[in-house]
Amino acid sequence: MTAKIELKGVMKRFGRKVVLDGVDLSVEQGESLVIIGGSGSGKSVTLKCILGLITPDKGSIKVDGQEVTRLTGRPREQVNRKFGMLFQSAALFDSLKVWENVAFALIQGRGLGRREAKEIALQKLAKVGLGPEVGELSPSELSGGMQKRVGLARAIAAEPEIIFFDEPTTGLDPIMADVINDLIVATVKDMGVTTLSITHDMASARKIADKIAMIYKGKIIWAGRKADIDKSGNPYVDQFIHGRAEGPIKMELAK
Amino acid sequence: MNPFALVGRFVVTFLREIGRIAQFAALAVPACFMPPIYGRLVLQQMLRIGYFSLPVVGLTAFFTGGALALQIFVGSDIGAETLVPQIVVLGITRELGPVMAGLMVAGRVSAAIAAELGTMRVTEQIDALVTLSTNPFKYLVAPRLIAAVLTMPVLVAIADIIGVMGGWIVAVYSLDFNSAAYLNNTADFLKMGDVTSGLWKAAVFGFIIALMGCFHGYNSKGGAQGVGAATTNAVVSAAILILAANYFMTSIFFGEGSR
């Protein structure tokens with residue numbers, strides 16, 4: 001069986017700074033992989049490479065066995081139709097109402113009528129626990145947690161095959177974070193989609209992951225099943241999951 | 001630092017910037033012609049770029065025309081009766097109408113576009129567009145370019161009329177000109193080419209205004225400060241490019257070769 005997403009030796013540098021130094025990763029159909037790692041370890045760049053927002057310098061990225069690294073224009077849009085993404089800051093369009101945000105991919109991408117799209121949008125909003133009255137609001141009127149929910153509704157609106165979560169719980173209080181985690185697990189299980197998440201929140205990773213991979217200095221240094229992470233025997237992983245200041249990972253505080 | 005290195009670095013930065021703008025335009029222009037074209041967004045932008053610029057462009061044209069009339073009257077000993085209307089109408093339609101309108105709209109619209117797109121960039125809204133399989137060049141850039149290129153000539157046509165009217169009002173009510181004679185002289189000296197050259201300029205200025213706003217906004221980096229820098233750069237570069245383009249278009253329309 002071909003993996004849903006497969007990265008081989010992906011390299012990316014910005015100027016002299018090597019951000020990705022040969023990332024190897026594969027996500028199977030229907031699996032939930034969570035990439036953990038500190039700030040600046042290359043998590044976000046990995047995600048953006050798969051989405052085609054950044055073109056890697058070297059290496060191969062395959063989605064459903066199709067090489068996507070060099071795709072642009074129409075073929076790229078075709079591949080991106082398989083994707084949905086929840087951004088760290090939710091990235092809702094502030095010029096549009098909430099329901100128009102959720103219906104965006106349906107109206108712009110699929111050419112659905114506004115009335116039909118609105119109906120689906122309200123269904124998706126209900127799925128993330130928001131009533132139809134929220135649909136008429138503007139994104140700036142929502143709290144952080146509600147914005148995340150709307151972002152999730154937007155990500156699932158066009159029934160994607162793969163959903164990316166970029167720091168889904170960052171900036172939320174612990175209770176709202178758990179609510180979002182539950183929502184992610186529920187919607188994902190419900191839809192049977194493949195997901196790839198990046199986070200530095202271990203509670204979130206333990207909740208939504210089937211598998212966990214840890215990235216450090218642009219390389220995947222450990223990958224395995226969620227249950228095995230506590231006995232990885234890898235000092236970097238141990239330091240990270242226990243959140244210790246002391247260990248092999250040195251924070252670059254002084255420049 | 002070595003002064004030669006400094007000059008070299010400046011030249012390289014300058015050329016690189018030109019290359020990046022050309023690259024951006026090469027993506028943006030085809031997006032204006034290839035479907036999907038978002039008609040709703042084009043109309044919305046025409047309203048924002050064109051309609052809402054009317055007051056500022058009208059006022060600018062009015063006072064420019066008035067000041068021009070006054071200045072020429074003071075500077076001319078004899079023949080003011082014909083000189084004032086002639087210079088006002090040619091000055092406004094050929095140069096001042098398009099340039100003043102262009103600069104005012106650059107200040108208003110390039111800045112607004114750069115700030116809006118810049119904020120969308122730093123809050124990942126542009127990335128979000130891509131993940132919703134929408135091409136940002138078609139959804140964001142093309143409507144603004146189309147709207148600016150189409151509405152600027154209309155704005156300038158209105159600026160021409162108001163500018164000439166400003167000159168006429170000052171001449172008649174403050175300088176005691178004969179109203180009918182003034183209007184006759186204005187109409188006698190005005191040729192179609194004076195107006196159309198100005199409208200062509202306006203279309204080009206519209207392109208520059210929207211392109212600079214989009215380019216700087218789309219490529220802005222790093223938070224509030226980055227958006228601020230993008231806004232400033234958009235206005236400054238649009239203004240400079242408008243003045244430079246105006247010179248070259250004047251030399252094409254009215255230079256030695258075209259006589």
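## A walk through chains A and B

Chain B has 9 helices and 0 strands, where helices (H or I, at least four residues) and strands (E, at least two) are DSSP runs numbered from the N terminus. Read along the sequence, that gives the pattern α-α-α-α-α-α-α-α-α. Keep in mind that this is a predicted model, in which local features need pLDDT of at least 70 and side-chain atom pairs count only at pLDDT 80 or more, while totals for chains, interfaces and linings use all residues. As for labels, residues are numbered from 1 along each chain as its sequence is written, and chains are lettered from A and ligands numbered from 1 in the order in which they are written.

Let's stay with chain B for a while. Its C-alpha trace spans about 65 × 55 × 35 Å along the principal axes. Of its 259 residues, 46% count as buried. Here a residue is buried if 20 or more other C-beta atoms lie within 10 Å of its own, exposed if 12 or fewer, and partly exposed in between, with C-beta atoms placed from the backbone. Now take the contacts in chain B between residues at least 6 apart in sequence: 87% of them join residues at least 24 apart. Two residues are in contact if their C-beta atoms, again placed from the backbone, lie within 7 Å.

Helix 8 of chain B covers residues 192-218, and its 27 residues should span 39 Å at 1.5 Å a residue; the end C-alpha atoms are 39 Å apart, which agrees. (The expected span is 1.5 Å times one less than the number of residues.) Since 20 of the 27 residues are buried, helix 8 of chain B is largely enclosed by the rest of the structure. Helix 1 of chain B, residues 3-33, should span 45 Å with its 31 residues at 1.5 Å each, and its end C-alpha atoms agree at 46 Å apart. Helix 1 of chain B is hardly covered, though: 2 of its 31 residues are buried.

What does helix 8 of chain B pack against? Helix 6 of chain B (residues 136-173) packs with helix 8 of chain B at an angle of about 145°, their axes 7 Å apart. Those axes are lines fitted to C-alpha atoms, for helices over the stretch in contact, and the angles run from 0 to 180 degrees between N-to-C directions. Helix 6 of chain B passes helix 8 of chain B in a right-handed crossing; a crossing is left-handed if the near helix is turned anticlockwise from the far one by less than a right angle, and right-handed if clockwise. The residues of this contact between helix 6 and helix 8 of chain B divide into 19 nonpolar, 4 polar and 2 charged.

Follow the chain on from helix 6 and you reach B:Asp176, in the loop between helix 6 and helix 7 (179-189) of chain B. B:Asp176 has a positive phi of about 60° although it is not a glycine. With 7 other C-beta atoms within 10 Å, B:Asp176 is exposed.

Over in chain A, A:Asp64 also has a positive phi, about 55°, without being a glycine. A:Asp64 lies in the loop between strand 4 and strand 5 (66-67) of chain A, and is partly exposed, with 16 other C-beta atoms within 10 Å.

Chain A is assigned domain 1 (1-82 + 162-255) and domain 2 (91-159), with bounds from an automatic or database domain assignment. The C-alpha centres of domain 1 and domain 2 of chain A lie 25 Å apart. Their contact takes 10 residues from domain 1 of chain A and 10 residues from domain 2 of chain A. On the domain 1 side, helix 7 (residues 174-191) of chain A gives the most, with 5 residues.

Finally, how do the chains meet? The contact takes 15 residues from chain A and 11 residues from chain B. Helix 4 of chain A gives the most to the side of chain A that touches chain B, with 4 residues. That side of chain A divides into 9 nonpolar, 4 polar and 2 charged residues. A:Leu53 sits in the loop between helix 1 (43-51) and strand 4 (58-63) of chain A. Leaving aside neighbours within four places in sequence, A:Leu53 is in contact with A:Lys48, B:Asp127 and B:Val130.

Technical notes: Nonpolar A, V, L, I, M, F, W, Y, C, P; charged D, E, K, R; others polar.
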